[in-house]
Amino acid sequence: MAAAAAAAGVSSVWWVWCVWCSGGGGGRRGRWRGPRCPGSPLSLWAVLLPLLLAPALPLPPAAADITDGNSEHLKREHSLIKPYQGVGSSSMPLWDFQGSTMLTSQYVRLTPDERSKEGSIWNHLPCFLKDWEMHVHFKVHGTGKKNLHGDGFALWYTRDRLMPGPVFGSKDNFHGLAVFLDTYPNDETTERVFPYISVMVNNGTLAYDHSKDGRWTELAGCTADFRNQNHDTFLAVRYSRGRLTVMTDVEDKNEWKNCIDISGVRLPTGYYFGASAGTGDLSDNHDIISLKLFQLMVEHSPDEENIDWTKIEPSVSFLKSPKDNVDDPTGNFRSGPLTGWKVFLLLLCSLLGIIVCAVVGAVVFQKRQERNKRFY
């Protein structure tokens, strides 16, 4: 689409240029007027270049899509916010704890920095919002150095809750959505840089492979250095009209950074939000400071409104074959969709080709005009 728009722009500018340089189309046809057409037709670059490069320039991150946190959109029945109620107990209104989870006045600790611990926290109420956004304020920290720490934690939107298991403290073969914040590379051959964030959508038929860090079932992922930071770390998960977006704010810049953006995701309503963590031979503190769920005000078509969203099966319209999941050092898949820079370079090369054609056309046009002068 960008290339087509650029081509149309080139055609328009070329026509205006020719009319201008030929004296407005009237009078003595073909007269090249020096003052109106500076120096060489190569000066056409000055006109064409801004037009051609404009559609190819990379756009800033879609942080504007992330809500600013206005309380009017906040759904308190699905949010965990200070001051916590029930400090010192094993439960609190609207949320259930399990395993090693401990509630303090400052955070909810899913696991302490101890071996072989599992903990989780789950919302009491199912969520019936079709379009939502979750902001997570978290902290992962511990005494382990380099790779001597683990394993990470997971955020869940699933059919079942309070089901302990081997996947970051929760059950495998789940129904719904999982966002994994993995801090330890189990696959020694991987080229990924950890900590690593990935997402998985499951209808109960897929198993998470810890030995490969979930690579076979991962939809997309990115590297994010969120462990042992001295500043606040945040994650945003947005689901709207089949589009799943994950963004991070872990660099103390108070701005969201793109991590994951996938279309074609189908999630039902009526599932539960939760968070869980697990440690093995290595450990870390996994703390949740707040979970804030926002309702997104999105209009749906009458057909969409008539769908029973509670009956939708979790799915993705396009899944990569496991053989395609070949890592590169940036955490992207080599055979995955084009990244922003690849699209930019592709468009740039295409537009440079158009520019070259335009310049050649300008030279040919100049030669023709000079030849026509001989008859006047």
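Which residues are linked with Arg 159 in a network of salt bridges? Select Asp 160 and Lys 171: together with Arg 159 they make up that network. A salt bridge here is a side-chain nitrogen of Lys or Arg within 4 Å of a carboxyl oxygen of Asp or Glu.

Before you go on, a word about the model. It is predicted, so local features need pLDDT of at least 70, side-chain atom pairs count only at pLDDT 80 or more, and totals for chains, interfaces and linings use all residues. Residues are numbered from 1 along each chain as its sequence is written, and side-chain values use heavy atoms, with hydrogens and water left out.

**Stop 1**

Pick Asp 287 and Arg 109, whose closest N and O atoms are 2.8 Å apart. This pair links distant parts of the chain, with Asp 287 in strand β16 (residues 285-295) and Arg 109 in strand β4 (residues 108-111), 178 residues apart. Strands (E, at least two residues) and helices (H or I, at least four) are DSSP runs, numbered from the N terminus. Both Asp 287 and Arg 109 are buried. Buried means under 20% relative accessible area, exposed means over 50%, and partly exposed is in between (1.4 Å probe, protein chains only).

Now try Glu 305 and Lys 130, another salt bridge, with closest N and O atoms 3.6 Å apart. Glu 305 lies in helix α3 (residues 302-305) and Lys 130 in the loop between β5 (118-123) and β6 (132-141), so the pair ties together parts that are 175 residues apart in sequence. Glu 305 is partly exposed at 41% relative accessible area, and Lys 130 is partly exposed at 25%.

**Stop 2: aromatic rings**

Across the whole structure there are 13 aromatic pairs. Select Trp 156 and Phe 174: their ring centres are 5.1 Å apart and their planes sit at 80°, so this pair is edge-to-face. For the rule, rings of Phe, Tyr and Trp (its six-membered ring) pair if their centres lie within 6.5 Å; planes under 30 degrees apart count as stacked, over 60 as edge-to-face and the rest as tilted. Trp 156 and Phe 174 are both buried.

Next, show Phe 168 and Tyr 208, an edge-to-face pair with 5.9 Å centre to centre and 65° between the planes. Phe 168 lies in the loop between β7 and β8 and Tyr 208 in the loop between β9 (196-203) and β10 (220-223), so the pair ties together parts 40 residues apart in sequence. Phe 168 is buried at 3% relative accessibility, and Tyr 208 is buried at 6%.

For a whole cluster linked by ring pairs, select Trp 132, Tyr 157, Tyr 239, Tyr 271 and Phe 273.

**Stop 3**

Ser 170 is in the loop between β7 (152-158) and β8 (175-182). Is Ser 170 buried or exposed? Ser 170 is buried, with a relative accessible area of 4%. Leaving aside neighbours within four places in sequence, its contacts (heavy atoms within 4.5 Å) include Trp 122, Trp 156 and Ser 276.

Then move to Met 200 in strand β9, which is buried at 1% relative accessible area. Look for Leu 219 too: Met 200 and Leu 219 are 19 residues apart in sequence and 5.8 Å apart in space, C-alpha to C-alpha.

**Last stop: helix α4**

Finish with Val 364, found in helix α4 (residues 340-373). Val 364 is partly exposed, at 45% relative accessibility.
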